[in-house]
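Good morning, and thank you for joining.

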Amino acid sequence: MSESRITRRKVVGGAAVTVVGVPLLAACGGSDSGGSGSGGGSGSAEGGPLVATSEVPVGGGVIVADRNLVATQPTEGTFKVFSAICTHRSCPVTKVAGGTIDCPCHGSRFSIEDGSVAQGPAESPLEEVAFEVIDGEIVPS
Ligand code: FES
């Protein structure tokens, strides 16, 4: 992978929250929010708060199916957001358990920490999505 990762720190309401930026998807060249993508869903990545941080279990995560996103909290106070679309054959993931985000179609599992493949057949990590924490809610940016 040639993506660069940008880490920035944001302070909201007196609480320090680490926000990890999206790896720049330079390889996608020209992909816009208009509707490329595998699932054909429109407007899945934007549209206000995703989930309250208080609803994301430490060591686990929450799948927001209607947004095709999954929010995780690998360690207390550290949140991540990933695409909920499996990189193997584009099934939506359906479960977060035991430190992985699981796809029901062929058994792929992805780390809740960085979306990396924990078990194949998928070969590519889940796409990480940029977000901010605003008033205790995870808001994709
Ligand atoms: S589509 Fe997810 S494992 Fe095949």
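Predicted model: local features only at pLDDT ≥ 70, side-chain atom pairs only at ≥ 80, totals over all residues.

A residue is called buried if 20 or more other C-beta atoms lie within 10 Å of its own, exposed if 12 or fewer, and partly exposed in between, with C-beta atoms placed from the backbone.

Residues are numbered from 1 along each chain as its sequence is written.

As to the overall composition, the protein has 0 helices and 12 strands. Helices (H or I, at least four residues) and strands (E, at least two) are DSSP runs, numbered from the N terminus. Of the 141 residues in the protein, 28% are buried. Of the contacts between residues at least 6 apart in sequence, 40% join residues at least 24 apart; a contact means that the C-beta atoms of two residues, placed from the backbone, lie within 7 Å.

Let us now turn to strands 5 and 6. They run antiparallel and are joined by 5 bridges; two strands count as paired if DSSP finds at least two bridges between them. Leu 69 has Ser 83 in strand 6 as its bridge partner. The two strands form a hairpin with 2 residues between them, where Gly 77 takes a positive phi near 85 degrees. Why is strand 6 described as largely enclosed by the rest of the structure? The reason is that 5 of its 6 residues are buried.

Val 96 has Ile 101 in strand 8 as its bridge partner, and 3 bridges join strand 7 to strand 8 (residues 100-102), the two running antiparallel. These strands belong to an open sheet of 4 strands, in the order 7-8-9-10, with antiparallel pairing. At its edges are strand 7 (95-97) and strand 10, each of which pairs on one side only. From one strand to the next, the twist averages 35 degrees, where axes are lines fitted to C-alpha atoms, for helices over the stretch in contact, and angles run from 0 to 180 degrees between N-to-C directions.

A further open sheet consists of 3 strands in the order 3-12-11, and its pairing is antiparallel. Strand 3 (51-52) and strand 11 (131-134) each have a single partner strand, so one side of each is left without a neighbour in the sheet. Between strand 11 and strand 12 (residues 137-140) there are 4 bridges, and Phe 131 stands opposite Pro 140 in strand 12.

I now come to the loops. Ser 116 sits in the loop between strand 9 (109-111) and strand 10 (117-119). Is Ser 116 buried or partly exposed? With 14 other C-beta atoms within 10 Å, Ser 116 is partly exposed. Its contacts, not counting residues up to four places away in sequence, are Phe 110, Ser 111 and Pro 125. Ser 116 and Leu 126 are 10 residues apart along the chain, and their C-alpha atoms are separated by 6.5 Å.

Some backbone details remain. The peptide bond from Gly 120 to Pro 121 is cis, with omega near 20 degrees, and Pro 121 is found in the loop between strand 10 and strand 11. Asn 68, in the loop between strand 4 (60-64) and strand 5, has a positive phi of about 55 degrees although it is not a glycine. Asn 68 counts as buried, with 20 C-beta neighbours inside 10 Å. Ser 90 is not a glycine either, yet has a positive phi of about 75 degrees. Ser 90 lies in the loop between strand 6 and strand 7 and counts as partly exposed, with 14 C-beta neighbours inside 10 Å.
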